[in-house]
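I opened my notebook to write down what I could look up in one structure. I kept to plain entries, one topic at a time.

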Amino acid sequence: MNTLPLLVAGCTAMMSLSSCIDDGPEYQPRLVVEGWIEQGQNPIVMLTVPMSPETGQVEAIESLVRWGRVTISDGDTTCVLSGMSNRNYFPPYIYTTYDMEGAVGKTYTIRATWKGMETEGESTLLAPFPIDSVTAEPVEGQSDRRNLTLWITGKKGAHDYFRVFTLLRGVDRRYLPGMFGTLATEGRGGALGINVSRPKASVDTVEYSASYLVGDTVQIKLCRASRYGFDFWTDYQNAVTLGGSSIISNSYKIRSNLSAGLGYWLAYGSTSLTYIVP
């Protein structure tokens with residue numbers, strides 16, 4: 001999936017965050033945050049401002065916030081993130097710092113401001129969860145395609161929440177959220193499966209397929225997050241499935257862990273592997 005603007009062929013599903021804006025004559029813009037930190041990794045944050053319903057169709061880059069102020073605190077240290085161009089993302093601009101890496105057990109607080117708008121949120125980085133295996137099943141009527149499933153062993157009585165991201169080598173520039181790749185264990189023990197599907201754009205110009213071709217090399221990342229991370233990603237995939245275009249108003253509301261803002265700030269305990277589709 002290419003990282004191109006929304007309303008243009010090949011747009012990325014991630015930009016549909018900007019669809020959860022308020023409708024009606026009292027519309028007030030709010031910052032949209034897409035941000036995360038993983039153990040041993042630097043934080044990544046993107047800022048946008050969704051367009052008013054009266055604006056009409058616009059390209060996503062017009063919503064980009066380049067001169068915002070973003071800080072992240074781990075309770076001991078506060079870092080001011082620097083903005084920089086990065087074409088692995090769209091819009092091709094991120095905020096990050098090389099002075100902070102995620103650590104299990106720490107709580108990270110983000111504060112973002114721009115032109116009088118501000119938002120704040122926090123997230124605790126949980127321990128990564130082991131992946132048992134990945135399996136491939138033939139797609140009926142398509143001998144060259146496979147449906148993938150990631151397997152974990154649930155801890156009986158525990159309530160853990162997961163999100164699967166994938167990167168298809170030679171196609172994707174970044175990890176993207178596959179369709180229906182969330183799981184809440186709800187106290188269940190034993191073998192539990194999670195779909196490993198291709199991401200879906202909110203505006204598809206070609207027929208969507210969740211499966212992979214035989215021979216594809218897929219980088220799979222299992223992210224463990226809190227309940228509000230699970231809520232966000234569940235709402236997000238429902239909005240992509242049911243909603244229309246992004247940036248423009250969409251009545252589907254996506255829950256957020258940010259005050260006075262939209263989107264998400266999540267700390268992930270992540271486990272990754274590379275899988276060649278058999």
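**Entry 1: the model.** I noted at the start that this is a predicted model.

**Entry 2: Arg224.** I looked up where Arg224 sits and found it in strand β15, which covers residues 217–225. Is Arg224 buried or exposed? Its relative accessibility is 16%, and buried means under 20%, so Arg224 counts as buried. Next I checked its side chain, which makes a polar contact of 2.9 Å with the side chain of Asp160. Leaving out residues up to four places away in sequence, I listed what Arg224 touches; among them are Leu126, Phe129, Asp160, Tyr161 and Tyr268.

**Entry 3: aromatic pairs.** A pair of aromatic rings is described by the distance of the centres and the angle of the planes. How many aromatic pairs does the count come to? I wrote down 11 aromatic pairs. I found both Tyr161 and Phe230 buried.

I then turned to Phe232 and Tyr236, a stacked pair with 6.2 Å from centre to centre and 20° between the planes. These two residues are 4 apart in helix α1, which means that about one helical turn separates them. Phe232 has a relative accessibility of 2% and counts as buried; Tyr236 is buried too, with a relative accessible area of 2%. Both also belong to a cluster linked by ring pairs, together with Phe165, Trp233, Tyr264 and Tyr268.

**Entry 4: charges over rings.** I found Arg163 lying over the face of Phe165, at 5.8 Å from the ring centre. The charged end of Lys200 sits over the ring of Tyr208, 6.0 Å from the centre of that ring.

**Entry 5: an open sheet.** I followed 4 strands that form an open sheet, in the order β4-β3-β7-β8, with antiparallel pairing. Which strands stand at the edges? They are β4 (78–80) and β8 (117–124); each has a single partner strand, so one side of each is left without a neighbour in the sheet. I noted an average twist of 15° from one strand to the next. Strand β3 (residues 69–73) is joined to β4 by 3 bridges, and Ile72 stands opposite Cys79 in β4.

Key:
Residues numbered from 1 in each chain as written. Predicted model: local features only at pLDDT ≥ 70, side-chain atom pairs only at ≥ 80, totals over all residues. Heavy atoms only, no water. Buried < 20%, exposed > 50% of the residue type's maximum accessible area, 1.4 Å probe, protein only. Polar contact = N/O pair within 3.5 Å; in protein donor to acceptor, adjacent residues only side chain to side chain. Contact = heavy atoms within 4.5 Å. Phe/Tyr/Trp six-rings, centres within 6.5 Å; stacked < 30°, edge-to-face > 60°. Lys NZ or Arg CZ within 6 Å of the ring centre and 35° of its normal. Pairing = 2+ DSSP bridges. Axes fitted to C-alpha atoms, helices over the stretch in contact; angles between N-to-C directions.
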